[in-house]
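Here are a few notes from my look through this one. Have the fold open while you read, and start with the sheets.

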Amino acid sequence: FDRALLDKAEQELKRQYLSRSKYGAQVQTRVDQLARNRVGITFNVDEGESASIKQLKIIGSKDFTEKQLLEEFELSTGGLMSWYSKNDQYSRQKLSGGVEKLRSFYLNRGYADFSIENTQVQIAPNKQDIFITITVKEGQKFTFGNVELSGQLLGRDAELRGLMLAKKGETFNGEALTDTTKSIQDRLGNYGYAFANANVIPELDRENRVVNITIAVDPGKRVYVRRMNVGGNTRTKDAVVRREFRQFESSWYDSRKIHLSKERV
């Protein structure tokens, strides 16, 4: 018998209930002496009621209504279908996801200087009511300034620049930058650079409300395919599956051909 392990099990049981918004849950452990040098362990649990969100408030927004911003959150103060969706039950993961969606909401609308100042979660003394307050700083609205590529472009400067969705003079958009870097990485993947990176380096000119962007490209080393394995084909011969491949062994990695091979299989 190890008392430390028992205490750890009790704490883990409590955490399981806390993760389900049962903040009033009580766990009591009883240890009974048994014959032949044994003990019996009983966990007495009082689950209590699930706590619900009574207030979800955003402070500091000026250019958008609170109703618009709260639509980005999966959590809410509840409604007619909350008994089914459980959207009024607090979850740290869901709150973090909502905060990130809120950040994307602003970044995709030009607010390159946006920040989350504070996220406060308070539980009422009755352990049933939760109050969430998020303080934001909108900052100014920016446009794109110069948008440049740097690094090893492998002589494909024009091709890679053609993938850039961020244009000078347009409203700053974080999603456009994300899509651009993904497109560059995918395109380099077609030429064997399976681990290419494209990183955005922003430079904010707050006086002119302009964001100058440099996308640093690092293709890494060219990768060749040594072996392609097929698994799960219990009824079809290996050779039959392989004849649909468009990516070949001993040739360089081509993400486009790999995707096409998957589709054909």
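1. β3 and β5 (residues 129-137) run parallel, with seven bridges between them. If you want a landmark in β5, I132 sits across from L56. Bear in mind that this is a predicted model.

2. Those strands belong to an open, mixed sheet of three, ordered β3-β5-β4. Because β3 (52-59) and β4 (115-123) each have a single partner strand, one side of each lacks a neighbour in the sheet. From one strand to the next, the twist averages 10 degrees.

3. Then there is the helix on this sheet: α4 (residues 92-107) packs there and touches β3, β4 and β5. The direction of α4 makes about 155 degrees with that of β4.

4. Further along, look at the open three-stranded sheet with the order β6-β8-β7, where pairing is again mixed. β6 (143-151) and β7 (197-205) are its edge strands, each pairing on one side only. Ignoring direction, neighbouring strands here are turned by 20 degrees against each other on average.

5. How many bridges join β7 and β8? There are nine, and β8 (residues 210-218) pairs with β7 in the antiparallel sense. Within β8, A216 is the residue that stands opposite N199.

6. Is T180 buried or exposed? Its relative accessible area is 1%, so T180 counts as buried, the cut-off being under 20%. Leaving out residues up to four places away in sequence, T180 touches L163, M164, L165, A166 and I215.

Conventions
Residues numbered from 1 in each chain as written. Predicted model: local features only at pLDDT ≥ 70, side-chain atom pairs only at ≥ 80, totals over all residues. Heavy atoms only, no water. Buried < 20%, exposed > 50% of the residue type's maximum accessible area, 1.4 Å probe, protein only. Contact = heavy atoms within 4.5 Å. Pairing = 2+ DSSP bridges. Helix = DSSP H or I, 4+ residues; strand = E, 2+ residues; numbered from the N terminus. Axes fitted to C-alpha atoms, helices over the stretch in contact; angles between N-to-C directions.
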